[in-house]
Amino acid sequence: MEGNMMDAINNDPGTVAESHSVQHYIDEHPYWADGTAAPAPQMTMMQWRIWCLSVAGKFFEGLVVFMTGVAMPLIAREFGLNAAQHGLVGSASLFGILIGASALGSLSDRFGRKRVFIFEIGLFIVFLGLIVFTPNFPWLIVCLFGMGLALGCDYPTAHLVISESTPSRTRGGLVLSAFGFQAVGALFGTILGYIILTLDPSVGAWRWMYGCAIIPALAVFAGRFFIPESPHWLAVRGRERAAETELQKLLHRQPRYPKKISINDRQNKNDAKQHAIGYRGLFQKQNRRALILASVPWFLQDLGTYGIGIFTPTILAATVGHERAHAQNIADLVHNDLIAAKGAALLDVLLLVGIVAAVLLADRLGRIRLQVFGFIGCAAGLFIAAQAGSYSGMTQTTLIFTGFMLFNFMTNLGPNAQTYLIAGEVFPTRIRGTGAGFAASFAKIGACLTAFLFPVLLADIGTTALLYALVATSLAGAVVTFFYRIETNGISLDAS
């Protein structure tokens, strides 16, 4: 039946010989000879391959950043870290993400999505291998920063590789489902840390935690060589024939559909001539609203998510009442770290539940509605956790877990997911990588500040006051999102 339909028809009725934009071919439905719309074609194998390879960057980010929380006590013992150095370890990879997202992520607008997609995972593998053999604290920081640099580059690039190769109607769910593997990586990181600590209860066990990621990273590196370049990027650069060739690879299916591709991207080329590219174009008046929407709420969201995420194991170990108050030896240290890893893994499950909800709802309810609702929910969770300071025993533990679980669910349903999605959709193709990279970098300023200052603030003002401050930042995120809203749900990237 499908084969007969595809043989009888091709593109929209009466438009077979016409030229169209890249997104038109990705989005279009086949039609019967009488003009009746047929079911939309399924995603091609190449589109799914791109999605799978993009998943890896988010997985490795969650793995490295959250596994650092499990490894932190062991690293601190091996290198004899003081409070400031402890903060540097927690913030080094985040600072690398900050620099990498803007300094390297924007390269995809200049050199193409595919080249940067390959380069970033290669850079990650180099520093991942080096950290296993790091001899001292300075080299540890260099390696963590280098891995963050690569992961920061992946922030905009992985988003663009998916969004510029998938249909508009399902783009949100596909991007967010890939992004959700950050939570999978976080959960896997805590579980991996727990398993390694169980098998090797020694101070040096943290090196195995990082080393286990090298082989899967190499497999991803090899796979990224075998995907097409973004037809959107080629078309806006005036390379229509190359865009047609790559689009044929992207949409290859049996039976073949579409049978003929003819790219006409005069509108994008004229737009590129009239407006600046790079950071000069990003700060032009017509892009400022998008820039604020993409950057400020993400910054406010990361203030809470990364700081709490990195230090959740330590907070839980100190509050649930089962750890040994003063680690006298390596056995006590590992015991406390195992308890912390268990608690963190439980909370990470809520991250997964939240991202599943976001995947299901983003293309139905829209990005803005979920982001505003999510910010309010984050504030509610943090407020509940803040009440634990007035209680002790089981009541305190219940409030902390309830608040953190609600926060983890709402942040991935709302701002943690939607800020990433919005940043890769609100900018035009010519500056999409630059804009998404800048937004990610601006957000990581908040993550770095929180990760570095969290131990100090925790000691100076206490957990309760810190949580109340994060309640205020979450509510501010909801306000900024509402007043600078740009809904991109179902909008073609050609219209961005």
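Predicted model: local features only at pLDDT ≥ 70, side-chain atom pairs only at ≥ 80, totals over all residues.
Biologist: What share of the contacts joins residues at least 24 apart?

Modeller: Take contacts between residues at least 6 apart in sequence. Of these, 83% join residues at least 24 apart.

Biologist: Let us turn to one helix. Why is helix H8 called largely enclosed?

Modeller: Helix H8 covers residues 171–179. Buried means under 20% relative accessible area. Nine of the nine residues of H8 are buried, so the rest of the structure largely encloses this helix. Among them are Arg171, Leu174, Ser177 and Phe179.

Biologist: Why is Ile261 called buried?

Modeller: The cut-off for buried is under 20%. Ile261 has 8% relative accessibility, so Ile261 counts as buried.

Biologist: Where is Ile261 found?

Modeller: Ile261 is in the loop between helix H13 (240–250) and helix H14 (266–274).

Biologist: Which residues is Ile261 in contact with, leaving aside its neighbours within four places in sequence?

Modeller: Ile261 touches Tyr25, Glu244, Leu247 and Gln248. Contact here means heavy atoms within 4.5 Å. Ser21 is 240 residues away from Ile261 along the chain. Yet their C-alpha atoms are separated by 9.6 Å.

Biologist: Why is Thr434 called buried?

Modeller: Thr434 has a relative accessible area of 2%. The limit is under 20%, so Thr434 is buried. Thr434 sits in helix H21. Leaving aside neighbours within four places in sequence, Thr434 is in contact with Ser106, Asp109, Gly278, Tyr279 and Leu282.

Biologist: Now the charges. How do you know that Glu61 and Lys58 form a salt bridge?

Modeller: The closest N and O atoms of Glu61 and Lys58 are 3.3 Å apart. A salt bridge needs a side-chain nitrogen of Lys or Arg within 4 Å of a carboxyl oxygen of Asp or Glu. So the pair qualifies. The structure holds 14 salt bridges.

Biologist: How many residues apart are Glu61 and Lys58 in helix H3?

Modeller: They are three residues apart, about one turn of the helix. An α-helix has 3.6 residues a turn, so residues three or four places apart point the same way.

Biologist: Are Glu61 and Lys58 buried or exposed?

Modeller: Glu61 has a relative accessible area of 1%, so Glu61 is buried. Lys58 is buried too, with a relative accessible area of 1%.

Biologist: How do you know that Arg224 and Glu120 form a salt bridge?

Modeller: Their closest N and O atoms are 3.0 Å apart. The limit is 4 Å, so the pair passes. Arg224 lies in the loop between helix H11 (214–223) and helix H12 (231–236), and Glu120 lies in helix H6 (residues 113–132), so the pair ties together parts 104 residues apart in sequence. Arg224 is buried at 0% relative accessible area. Glu120 counts as buried at 2%.

Biologist: Which residues are linked in a network of salt bridges?

Modeller: The network links Lys58, Glu61, Glu120, Asp154 and Arg224.

Biologist: Why is Lys249 called partly exposed?

Modeller: Partly exposed runs between the buried limit of 20% and the exposed limit of 50%. Lys249 has 43% relative accessibility, so Lys249 counts as partly exposed. Glu246 counts as buried, at 13%. The side chains of Lys249 and Glu246 meet in a salt bridge (3.0 Å, N to O). Both lie in helix H13, separated by about one helical turn.

Biologist: What makes the nonpolar surface patch?

Modeller: Ile445, Leu449, Leu453, Leu457 and Ile461 make a patch of about 370 Å². A patch residue needs over 30% relative accessible area. Leu453 has 36%, so Leu453 clears that cut-off. Leu453 counts as partly exposed. Leu453 is found in helix H21 (residues 432–460).

Terms used:
Residues numbered from 1 in each chain as written. Heavy atoms only, no water. Helix = DSSP H or I, 4+ residues; strand = E, 2+ residues; numbered from the N terminus. Buried < 20%, exposed > 50% of the residue type's maximum accessible area, 1.4 Å probe, protein only. Patch = residues over 30% accessible without salt bridge, like charges linked within 9 Å, V, L, I, M, F, W, Y side chains within 5 Å. Areas by Shrake-Rupley, 256 points an atom, 1.4 Å probe, with all protein chains shown as cover.
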